[in-house]
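Welcome! Here is a short tour of a protein model, arranged by topic so that you can follow along with the sequence and the 3D view.

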Amino acid sequence: MPRPSPAWFDVQYNARAGIPEHPAILRHWADASARALARPGWVLDLAYGDDASERLDILPAAGAARAPVLVYIHGGYWRALDKRDQAFVAPPFADAGAMVAQLNYALCPAVGIEHIALQLTQALAWVWRHAADHGGDRERIVVAGHSAGGHLAAMLLACDWQAVAADLPGDLVKSALAISGLYELEPLRHAPFLAADIGLSAASARRLSPALWPAPARGSLATVVGGDESEEFRRQSALIASAWGPVVVAAETVAGRNHMDVLHEVADPHSSTHALALELLGIP
């Protein structure tokens, strides 16, 4: 069949343009994150590498030692946002007994997606080596991310960790939770609002698409997508479930949620998405 028009790809993937209430959602994120960051106990801007972008924030678990570790990766199509813009995700997990690490990384177009992925392998190596310093159990690391962060979380689950460094275990990441993730990047090459910034070629889009990789030999992936998201975002979630088979242990569609406010489910202790995250962390 002929490829859809560039305008079609923009409609499918330019999530903010399709969400009239997105300014209010961004204000909610900012207000909720400011409240979260006012909470005592944060350890801010720890360096996991030499570049100024290679920083992470940690919120230790409330009253827990050797806590499971949730590593959270923000979205923004690899070109926008900051770890603190979605800090509101962290406190409910700290309250439930998890240590939370929120990561920053360099942004497109200054760097490419492959560079970002390699930065995050160093971030996870740092977390594995230093989790115990902050009350975390490095043997129970779960990675979560939203949108582009969901893409990066899936990549990290499939990473060959011993190729990153000889001291790292092959199963460094035990599970991943991808919220509204992107697993096949070829369509993004044809979306004018984004294509120039992320600079993918046909070859790099293939190389950076987890749905085109062999399923990871270890670990599990859970996916979440909003029921009100575009046809393509819902297809992306179905695609990774088909491609990775039994590695995908849960595939949740949340009715009434769009590409942005589906993230609120993660931080809601009463939601099925939050319960799914706790299950991956091994928190009853």
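A nonpolar core is a set of buried Ala, Val, Leu, Ile, Met, Phe, Trp, Tyr and Cys residues joined through side-chain atoms within 4.5 Å. Here, "buried" means under 20% relative accessible area. In this model, which is predicted, the largest such core has 65 residues. With that in hand, let's look around.

**The nonpolar cores**

- Within the largest core, the residues with the most contacts are Trp78, Leu120 and Leu124.
- Helix H4, residues 113-130, gives this core its largest share, 10 residues.
- There is also a second, separate core of 35 residues, and Ala87, Ala94, Val254 and Leu276 are among them.

- Helix H2 runs over residues 22-37, and its 16 residues should span 22 Å at 1.5 Å a residue; the end C-alpha atoms are 22 Å apart, which agrees.
- Buried residues in H2 are Ile25, Trp29, Ala32, Ser33 and Ala36.
- What covers the buried residues of H2? The cover includes helix H3 (90-96), strand S5 (136-146) and helix H10 (263-267).

**Helix H11, a mostly covered helix**

- Seven of the 10 residues in helix H11 (residues 272-281) are buried, so this helix is mostly covered.
- The buried ones are Thr273, His274, Leu276, Ala277, Leu278, Leu280 and Leu281.

**Aromatic rings**

- The structure contains five aromatic pairs.
- One of them joins Trp8 and Phe9: the ring centres are 5.1 Å apart and the planes stand at 85°, so this pair is edge-to-face.
- Trp8 counts as partly exposed because its relative accessibility is 28%, whereas Phe9, at 6%, counts as buried.
- Tyr77 and Trp78 make a tilted pair, because their ring planes are at 45°, with centres 6.1 Å apart.
- Is Tyr77 buried or exposed? Its relative accessibility is 8%, so Tyr77 counts as buried.
- Trp78 is buried too, with a relative accessible area of 0%.
- Together with Phe193, Tyr77 and Trp78 form one aromatic cluster.
- Elsewhere, Arg138 lies over the face of Trp128, at 3.7 Å from the ring centre.

**Backbone details to look for**

- The peptide bond from Cys108 to Pro109 is cis, with omega near 5°.
- Pro109 lies in the loop between strand S4 (99-103) and H4.
- Cys108 is 88 residues from Ala196 in sequence, but their C-alpha atoms are 9.6 Å apart in space.
- Ala196 belongs to helix H7 (residues 192-198) and counts as exposed, at 69% relative accessibility.
- Asp45 has a positive phi, near 55°, although this residue is not a glycine.
- You can find Asp45 in strand S1 (residues 43-47), where it is partly exposed, with a relative accessible area of 40%.
- Ser147 is not a glycine either, and its phi is positive, about 60°.
- Ser147 lies in the loop between S5 and helix H5 (148-157), and at 4% relative accessibility it counts as buried.

Terms used
Residues are numbered from 1 along each chain as its sequence is written. This is a predicted model: local features need pLDDT of at least 70, side-chain atom pairs count only at pLDDT 80 or more; totals for chains, interfaces and linings use all residues. Side-chain values use heavy atoms; hydrogens and water are left out. Helices (H or I, at least four residues) and strands (E, at least two) are DSSP runs, numbered from the N terminus. The expected span of a helix is 1.5 Å times one less than its number of residues. Buried means under 20% relative accessible area, exposed over 50%, partly exposed in between (1.4 Å probe, protein chains only). Contact means heavy atoms within 4.5 Å. Rings of Phe, Tyr and Trp (its six-membered ring) pair if their centres lie within 6.5 Å; planes under 30 degrees apart count as stacked, over 60 as edge-to-face and the rest as tilted. A charge sits over a ring if NZ of Lys or CZ of Arg is within 6 Å of the ring centre and within 35 degrees of the ring normal.
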